[in-house]
Amino acid sequence: MWAPYNGVMSNPHPLNADLHCHSTVSDGTLAPAKLAERAHAHGVDLWALTDHDATSGLAEAQQAADALGLRFVAGVEISVSFAAQTVHIVALGVQPQNAALLQGLQQIRAGRDQRAKDMAQDLERHLGLPNVYAGALRYASNPALLSRTHFARFLVEQGVCRQTHEVFSRFLTPGKPGYVDHAWARLEDALSWVTAANGIAVIAHPGRYRFSATEEWALLEQFKALGGQAIEVVTGSHTASQYRKYAQLALEFGFYASRGSDFHSPGESICDLGRLPPLPADLAPVWDLLH
Ligand code: AMP
Ligand code: MN
Ligand code: MN
Ligand code: MN
């Protein structure tokens with residue numbers, strides 16, 4: 001059912017749900033238990049840990065959340081390739097031990113090390129800086145999950161840039177030094193793992209991709225046809241006008257709406273845990289699907 005987005009951003013008793021963040025298991029700097037404490041301290045009512053391509057922080061997160069009386073949702077953010085770009089699919093409410101999911105994530109992680117070596121070589125050539133791979137690896141608590149964020153932190157340490165955000169505007173993105181094309185999971189495979197693990201698939205930060213309108217439409221349609229049920233509307237990566245755009249698209253496509261900070265690190269992430277505007281009141285929140 002289509003209804004125009006009316007711009008109402010308030011809701012008398014909004015749930016402070018934060019369904020997207022990262023721990024030391026991927027490219028966050030806080031351990032899962034520390035994130036649980038921070039979410040609780042910030043008044044989060046429903047919290048998901050969604051590390052990149054890994055579920056190994058979920059048991060600690062669940063335990064810490066239980067001890068605090070914080071409702072916890074087991075999640076993961078899956079790296080996917082679609083129309084020659086990287087798309088992130090957040091899976092919520094997954095069974096962390098599901099074999100299909102674990103095997104799929106393992107496959108994705110397996111490609112990261114060679115990619116990181118290629119990125120390091122390219123950065124070394126452009127910057128005349130030695131030992132970039134080893135430098136980035138020092139920032140990765142989980143060596144199986146070496147990501148661009150770890151390279152960004154190393155380049156800040158080396159004085160190449162002042163902030164990680166600056167690194168991503170000058171390096172590590174398509175067309176810039178240190179960017180290496182990579183084949184992540186196919187959308188249909190990622191959705192099949194999420195479904196096998198009884199999870200809800202959510203398109204993460206849809207406003208971040210550089211798709212044409214046609215490509216974006218194709219992503220939303222294919223995602224829906226494959227069983228995808230939700231998109232992030234309120235995320236740390238969106239501007240206020242993107243909240244409105246994706247609220248409208250959620251209504252048009254019949255998607256549930258998600259809300260998540262995508263918090264990675266104090267002092268680095270612009271948006272902290274639980275510190276987001278509420279979902280527009282006319283949307284169906286994804287937590288209606290999470291029991
Ligand atoms: P990777 O999975 O190795 O491609 O790394 C992706 C991660 O890099 C994202 O999850 C973000 O944490 C970070 N990232 C990507 N683009 C940006 C950006 N423009 N500013 C800050 N962080 C970014
Ligand atoms: Mn990240
Ligand atoms: Mn992401
Ligand atoms: Mn994320």
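This is a predicted model: local features need pLDDT of at least 70, side-chain atom pairs count only at pLDDT 80 or more; totals for chains, interfaces and linings use all residues.

Residues are numbered from 1 along each chain as its sequence is written, chains are lettered from A and ligands numbered from 1 in the order in which they are written, and side-chain values use heavy atoms, with hydrogens and water left out.

**Manganese sites**

Donors are N, O and S atoms within 2.8 Å of the metal (3.2 Å for Na, K and Ca); water is not among the atoms, so sites may look incomplete. Four residues hold the manganese ion (ligand 4): His 20 and His 22 through NE2, Glu 77 through OE and Asp 262 through OD, at 2.1 to 2.2 Å. Along the chain these donors are spaced as H-x1-H-x54-E-x184-D. From this ion to the manganese ion (ligand 2) the distance is 4.5 Å.

The manganese ion (ligand 3) is coordinated by Glu 77 (OE), His 88 (ND1) and His 205 (NE2), at 2.1 to 2.2 Å. Its donors have the spacing E-x10-H-x116-H, and 5.6 Å lie between this ion and the manganese ion (ligand 2). His 88, in strand β4 (residues 85–92), and His 205, in the loop between β6 (200–203) and α9 (213–225), are 117 residues apart and link distant parts of the chain. Helices (H or I, at least four residues) and strands (E, at least two) are DSSP runs, numbered from the N terminus.

The values for His 88 and His 205 place both in the buried class.

| Residue | Relative accessible area |
|---|---|
| His 88 | 11% |
| His 205 | 1% |

**Ligand 1**

The residues around ligand 1 (a heavy atom within 4 Å) include His 52, Arg 112, Ser 147, Phe 168 and Arg 208. At least two residues of this shell come from each of α4 (112–127), α6 (148–157) and α7 (164–170). Oxygen atoms of ligand 1 lie 3.0 Å from a side-chain N or O atom of Asp 27, 2.8 Å from one of Arg 115 and 2.9 Å from one of His 264. Ligand 1 alone exposes 500 Å², of which the protein buries 83% (Shrake-Rupley method, 1.4 Å probe).

Notes: A polar contact is a pair of N or O atoms within 3.5 Å; within protein, one must be able to donate a hydrogen and the other to accept it, and residues adjacent in sequence count only if both atoms are side-chain atoms. Buried means under 20% relative accessible area, exposed over 50%, partly exposed in between (1.4 Å probe, protein chains only).
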